[in-house]
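Subject: Structure handover

Hello,

Here is the structure I promised you. Please open it and keep it beside this email as you read.

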Amino acid sequence: FLGPAYGAGLLAVLLGMACLLADLGRPDRLIVLLTSPTPSYIAVGAYLLGALVLCALAPVAQWALGMAPPRGLAAAARVGCVAAGIAVMAYTGLFLASLQAIAFWHSPWLPALFVASAASSGLGLLTGAVALGPAPDAFQSTLGRVRRADAAAIVVEAALLAALIADALVSGDAARASAAQLVGGSLAPSFWLLVVGLGLAAPLAAELAVADPTPRAQLAVAACLLVGGLALRWCVVQAATAPDVAAFVAAALGMG
């Protein structure tokens, strides 16, 4: 059951690392980032991603290559995957929330939202990996528990998203302008269609209404969750176009 999930998860993390490396522009900047004497969310995140890949190699090798690592090493690798995975889920939101110049991001709701969204997306990736595996029908009872967990994660994610937007609407002109772009501005079509409709409402309805979905239906729900998770992050980043100049100056002067 978990073998395909470890493989799909490792591929997803490697894809994310490739995107971060492309964002740096030049490969040599990665060396500077990792050897920087000043800790930062970006540097810590890079180390966490590396640790997650290393921890995932043992269970992936056991599943894909039939290797049998020592029991203690396998257990430590699984525990490391959980710990590093949770940290990776949280660090992007913590990094964005630490930027005082962007009022919409500078909110305690954002890291929690990203963690809930990552949990739901991860469960979707797990479901999709099992549905594409050699014997998806053999795990229906386990997948039923996964679907219930995913439904709970979607509800939490929706509540946190509403809290983020509601908080922004009462937090000043800069944050209000960003939230307005999401709910009724230029980003509204993507937000309502991809984030709310495709990423939240449709998967939640499917998880609650369909008791015994086919592998094809499970793949459809997984695709909705992954597209919705990506759209959520894209919308949140694109909405933060109104800088809070006063907070930026205060931070630069050491007063923030």
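First, a term. A nonpolar core is a set of buried Ala, Val, Leu, Ile, Met, Phe, Trp, Tyr and Cys residues, joined through side-chain atoms within 4.5 Å. Note too that the model is predicted.

**The cores**

The largest nonpolar core has 31 residues. Phe104, Trp105, Leu161 and Leu182 touch the most other members. Helices H5 (109-131), H6 (140-169), H7 (173-184), H8 (188-209) and H9 (215-239) each give two or more residues to this core. H9 supplies the largest share, seven residues.

Now look at Phe104. Leave aside its neighbours within four places in sequence. Phe104 is then in contact with Leu164, Ala168, Ala175, Ser178, Ala179, Leu182, Val236 and Ala239.

Another core lies apart from the largest one. As background, nonpolar side chains in soluble globular proteins tend to be buried together.

**The surface**

Some nonpolar residues sit on the surface. Leu193, Leu194 and Val227 form a patch there, with about 250 Å² of accessible area together. Leu194 belongs to helix H8. Its relative accessible area is 31%, so Leu194 is partly exposed.

**The aromatic pair**

How many aromatic pairs does a search of the whole structure find? It finds one. The rings are those of Phe191 and Trp192. Their centres are 5.1 Å apart and their planes are at 75 degrees, so the pair is edge-to-face. Phe191 is buried, at 3% relative accessible area. Trp192 is partly exposed, at 44%.

Best wishes

Note on methods. Residues are numbered from 1 along each chain as its sequence is written. This is a predicted model: local features need pLDDT of at least 70, side-chain atom pairs count only at pLDDT 80 or more; totals for chains, interfaces and linings use all residues. Side-chain values use heavy atoms; hydrogens and water are left out. Buried means under 20% relative accessible area, exposed over 50%, partly exposed in between (1.4 Å probe, protein chains only). Helices (H or I, at least four residues) and strands (E, at least two) are DSSP runs, numbered from the N terminus. Contact means heavy atoms within 4.5 Å. Patches are made of residues with over 30% relative accessible area and no salt bridge: like charges are joined within 9 Å, nonpolar side chains (Val, Leu, Ile, Met, Phe, Trp, Tyr) within 5 Å. Accessible areas come from the Shrake-Rupley method with a 1.4 Å probe; for residues, only the protein chains shown count as cover. A salt bridge is a side-chain nitrogen of Lys or Arg within 4 Å of a carboxyl oxygen of Asp or Glu. Rings of Phe, Tyr and Trp (its six-membered ring) pair if their centres lie within 6.5 Å; planes under 30 degrees apart count as stacked, over 60 as edge-to-face and the rest as tilted.
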